[in-house]
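Keep the sequence and the 3D view open side by side.

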Amino acid sequence: MEATFRGSSAREAAERSHREWDTGASFPAVICLRDQPYELVGRVDARPAGHKVSYGWLIRRDRWGDGVASEVVRWVVEHALSHPLVFRTEASCDVMNGASARVMEKVGMTREALLQRYLLHPNISDTPRDAFLYSNVR
C-alpha cells in the first residue's frame, strides 16, 4: 500500500520534488538526527528567486519541541546569507502556528507582515488562510 500525502501518493510527491529540483524551483532536503542518521525526522525546502531564498519545513510530530526545526532553519538561513548573491531569506507561517513563528524568531528572523489569504492548508481549510511573513537580511 502506498502512503498518501495531502491527497496524492508519496510517489507523486517525490516526483513533484524531483521536477522542482530539476527546474531550480525548489531544493528539498531531508532532516535526520546526527546520532541516528537513518531516522528521517523532517524536510526543509529552499526556493531561490534571484537575490532571495524562501524556506518551508516540516518536522515529524513526535520531534516537535526537540529543537530540530530551530537548528535546521538557523543553519539554512546562515548558509544562504553567506552566498554573495543572496541578500534575503524569508519564510511564512499560518497565523495560528505559534511554534513555527517562535522558530523563526529564535533564529533571528523578523516578522515583517501579515499576509491575508496567503497560505493554502487543505488539511485545515478549503480557502487560503492568513500568514505571518518573516525575514532575515544582510
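Start with helix α3. On the face turned away from its buried side, α3 carries the exposed residues Arg102 and Lys106. Keep in mind that this is a predicted model.

Now turn to the other side of the helix. Ser100, Ala101, Val103 and Met104 of α3 are buried. Seen down the axis of α3, these buried residues fall within an arc of 155°, so they line one face of the helix. What covers the buried residues of α3? The cover includes strands β5, β6 and β8, along with helix α2.

Next comes the interior. Nonpolar side chains tend to be buried together in soluble globular proteins. Here, the largest nonpolar core has 27 residues. Which members touch the most others? They are Tyr55, Trp57 and Met109. Several elements give two or more residues to this core: the strands β4 (40-49), β5 (52-59), β6 (88-94) and β8 (129-137), and the helices α2 (68-81) and α3 (98-106). Helix α2 supplies the largest share, 8 residues.

Zoom in on Met109. Leaving aside residues up to four places away in sequence, Met109 touches Val73, Val77, Thr89, Glu90, Ala91, Met104, Tyr134, Ser135 and Asn136. One of these contacts, Met104, is a residue you have met already, among the buried residues of α3.

Now look at the rings. How many aromatic pairs does the structure hold? The count is 0. Charges do sit over rings, though. The charged end of Arg111 is over the ring of Phe132, 3.7 Å from its centre. Arg138 lies over the face of Phe87, at 4.3 Å from the ring centre.

Then check the cysteines. Is Cys93 buried or exposed? Its relative accessibility is 3%, under the 20% cut-off, so Cys93 counts as buried. Cys32 has a relative accessibility of 31%, so this residue counts as partly exposed. The number of disulfides is 0.

Finish at strand β3, which spans residues 27-32 and holds Val30. Val30 still has contacts: beyond residues up to four places away in sequence, it touches Leu40, Gly42 and Arg43. Ala13 is 17 residues from Val30 in sequence, and the two are 13 Å apart in space, C-alpha to C-alpha.

Terms used: Residues are numbered from 1 along each chain as its sequence is written. This is a predicted model: local features need pLDDT of at least 70, side-chain atom pairs count only at pLDDT 80 or more; totals for chains, interfaces and linings use all residues. Side-chain values use heavy atoms; hydrogens and water are left out. Rings of Phe, Tyr and Trp (its six-membered ring) pair if their centres lie within 6.5 Å; planes under 30 degrees apart count as stacked, over 60 as edge-to-face and the rest as tilted. A charge sits over a ring if NZ of Lys or CZ of Arg is within 6 Å of the ring centre and within 35 degrees of the ring normal. A nonpolar core is a set of buried Ala, Val, Leu, Ile, Met, Phe, Trp, Tyr and Cys residues joined through side-chain atoms within 4.5 Å. Buried means under 20% relative accessible area, exposed over 50%, partly exposed in between (1.4 Å probe, protein chains only). Helices (H or I, at least four residues) and strands (E, at least two) are DSSP runs, numbered from the N terminus. Contact means heavy atoms within 4.5 Å. A disulfide is a pair of cysteine sulfur atoms within 2.5 Å. The arc is that of the directions from the helix axis to the C-beta atoms.
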